[in-house]
Amino acid sequence: MELIGIFEYLYEQLVATGIPQVWVDLISLVVSAVIIFGILALIALFLVWWERKLSADFQQRMGPMLTGWHGLLQTIADAIKLIQKEDITPTKVDRPVFYWAPIICFVAAFAVYVTVPFGKGLIVSDLNIGILYIVAITTFTIISLLMAGWGSNNKYALLGGMRSAAQVVSYEVPMIVAILSVVLFAGSLSMVDIVESQALIYQWYIFRMPFGPIAFVIYIIAATAETNRTPFDLPEAEQELVAGFNIEYSGMKFAMFFLAEFINMFTVSAIGATLFLGGWQGPFLPSWAWFLIKTFGLVFVFMWFRWTYPRLRVDQLMEFSWKFLLPLAFANLILAGWMKYSGWFNW
Amino acid sequence: MTEGLRTEEFQVNMGPHHPSTHGVCRFILTMDGEVIVRAEPVIGYLHRSLEKICENRTYAQCIPVMDRFEYCTSMSCNEVFSLAVEKMAGIEVPEYAEYLRVIMLELNRIASHMIWYGTTALDLGAITPFLYSFREREDILDMFEMTCGQRLTYNYIRIGGVSRDIPPEFIPKCKEFLATVDHKIDDYERMLTENPIFMVRNKDVGNLSPELAIAYGVSGPSLRASGVKYDLRRDDPYSIYDRFKFDIPICHNGDCYDRYVIRIKEMRESAKIVRQAIEQIVDVEPNTGKMVKANFKPAKGEVYSRIENSRGEMGVYVQSTGDTKKPLRVKMRGGSFNQLQVMPELVKGVKIADVVAIMASLDIILPEVDR
Amino acid sequence: MTFEELTTYLTEKFGDKLELLETGKFEPFFLIKKENLVEICEAVKTDDKLLMDFLCNIGAVDTGEKFEIVYNLASIKKHIRFDLKLVMEYKGAEVDSVMSVWIGANWFEREIWELYGININNHPNLKRFLLPDEWDQGHPMLKNWDAPDFKRMPEVE
């Protein structure tokens, strides 16, 4: 069942009412924004629950069990609790910066989804620079983390903010280079074009030997660092920095950071699925189902990392990025370019 | 030019309520960016004045106080005080009670190393190993609970013997535990030992030379990791440790990784000792010893007794005047006290994340430091 | 080295600077004078037959009449253990630091300074240690010191 049919039907009904085209576009945009926001909020809540359940499985525990079926409503209960909490603003903080940081983080996390194709035709706007837009928007997260670190007027928060800025900037580069090698093959920056260029399973970029798997691994590593998850969770290293950049936040502002983190994880998984695993392409099931299966598969990998690995130290993290990952990514890009030029494996 | 670019040093208070200071220890860290220039441990947040409390109690009443001295290995605390008083009063402990003591001490050592394993992994950011090791520790605590009813402060080893015999279901449960513990430790090792991230975080971090270690009085596994083969169970034998065959693992680099390897190996060696003790105890006539009464009064004298605890040498100095029922002085000495003392030397010039790794690898817990 | 060998060796080596205490029947306790403390410590640490390189513990005792300080020493290579003891009057109690011999004596001596009020000469870092920074109620380990709300244990018959 392709969901796009429903949306097309609704759109036609809207046009048939005879209101001006500007209003039609506006209404359809607002509706799709609300739908995506709702779905993502649900996904974020689900991911929080899933992470807790998965960690419980890895650790031979039960995890949340009491609220709802197998604790399914636990995150909702938590969210309600966080909304009810007093929103504490410490006296010595830089107020505007402190106030805006979680909002920017939250908005940036959602703004990415303008160009993420959830299924065949299920995309808000197929920008011709789709992937560039995504890369640019995700960088906003750093600004918010820096703002949170600086605005909190707390040394641990500052260290956390600085660490995250350094980390995200360093890992952005190999990640973009890895993405570039895919873009090079697809010949387009549009997300839809990239997905359509991998219609058959052997055309998925992860199976394009030999550059594909390397680019995929680089992307996964860099994405883990981008989303500040173990083994690269230094900005919020509990054992060193207590809580890192969000140490002074409470109530809903904390919840915004928290949810944005899970949204970001979903984002990088969605982009990974789109770029390397053929996006919505797949037999039998509807396209949006394939997209979700692949994305959640990648999310599972990220969670798996988190509950298995210890954490790197900050200088080792930088070294790994600049001395190993980046040269590898560039070499891989050259390899991809040569493959494209010579026409080898160019199916 | 570099002088002009000099950045300002700043101070970070790590603790007293910090997730990874293993209790309530505070470090005043003078930092240049993320690099530590100076570190000063500030202790005393957990000071309960146990030594003063002991001076106000009779010898038998001191044992529960000793439990609180180092609550991860309460059995050792009981043992070290009992040894001191037994030596002073010339009390003979029956063989059966000695076997029970060894079994309990070694199980407690394994349990303590399991806490160490879990918290070390936790301090390095890996959460899962913590729950794995606590799962096995639970088995040990169950055994303790069925023996003496307590799970943390046992009050089991008393002056003159042990408080009660083990229940009949103890031996089968213990055998079952010993049959699986090696595989469980293999599991632990699979998670961390060869893990590249774990290795890069621990190798060549916090190198402690044998000279420095001895000068600072560092003892136990931390000393053996530096290449000094010194284990009180063999070198200054107490109880009946000379009857058991076990190895003393030793490493040579003295870094955090070696301290990790030593403790993992020690868990296996302790299991070996318990296995032998369980085999031998069936031939011994059950006699848990005659515990001294609360009004017991040893002769005038003074003794410093020491045993090998999981955190190094645990000692207690007891002085008796001979005419009161209360000790004149009880001075406790824990391994962590000296290990924490050497910390400022080890953390100079490392990153803040390494402070956590080093502290975890030295296995410092604060009740033992503050007493 | 057995008990007797050790005692004869030490008394021969140091002569009247050192005296075996009668309380040391369980393990050798030697009484020394505080003027000789650092000298003797240095000597036992460097002596080839003793090599007392490991300082187990330093404990102060308030006997109700005098102060005592006990040094528990051990040798890692030779597996010897014995103890040194100082006795001093309350008034003007002071002792030289043995940090020049075993650097690990640092915290032990700080503790003695703080809890007993015995002054440690040549100690680089005599600061508040176990007690709160603003502590002004004297030295709690002294026998004549009791906490204001302290309740004694009932006597055992």
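Reader: At roughly what angle do the axes of helix H2 and helix H3 of chain A cross?

Author: In this predicted model, helix H2 of chain A covers residues 21-58 and helix H3 of chain A covers residues 74-84. Their axes come within 8 Å, and the angle at which they cross is roughly 115°.

Reader: Is H2(A) roughly parallel or roughly perpendicular to H3(A)?

Author: The crossing of the two axes is at roughly 115°, and angles of 65 to 115 degrees count as roughly perpendicular. The class of H2(A) relative to H3(A) is therefore roughly perpendicular.

Reader: Which strands stand at the edges of the open sheet in chain C, and why?

Author: The open sheet has five strands with mixed pairing, in the order E1-E2-E5-E4-E3. A strand at the edge has a single partner strand, so one side of it is left without a neighbour in the sheet. In chain C, the strands so placed are E1 (18-20) and E3 (54-62).

Reader: Which residue in E2(C) does C:Leu18 stand opposite?

Author: E1(C) is joined by three bridges to strand E2 of chain C, residues 29-32, and the two run antiparallel. Within E2(C), the residue opposite C:Leu18 is C:Ile32.

Conventions
Residues numbered from 1 in each chain as written. Chains lettered and ligands numbered in written order. Predicted model: local features only at pLDDT ≥ 70, side-chain atom pairs only at ≥ 80, totals over all residues. Axes fitted to C-alpha atoms, helices over the stretch in contact; angles between N-to-C directions. Helix = DSSP H or I, 4+ residues; strand = E, 2+ residues; numbered from the N terminus. Parallel < 35°, antiparallel > 145°, perpendicular 65-115°, else oblique. Pairing = 2+ DSSP bridges.
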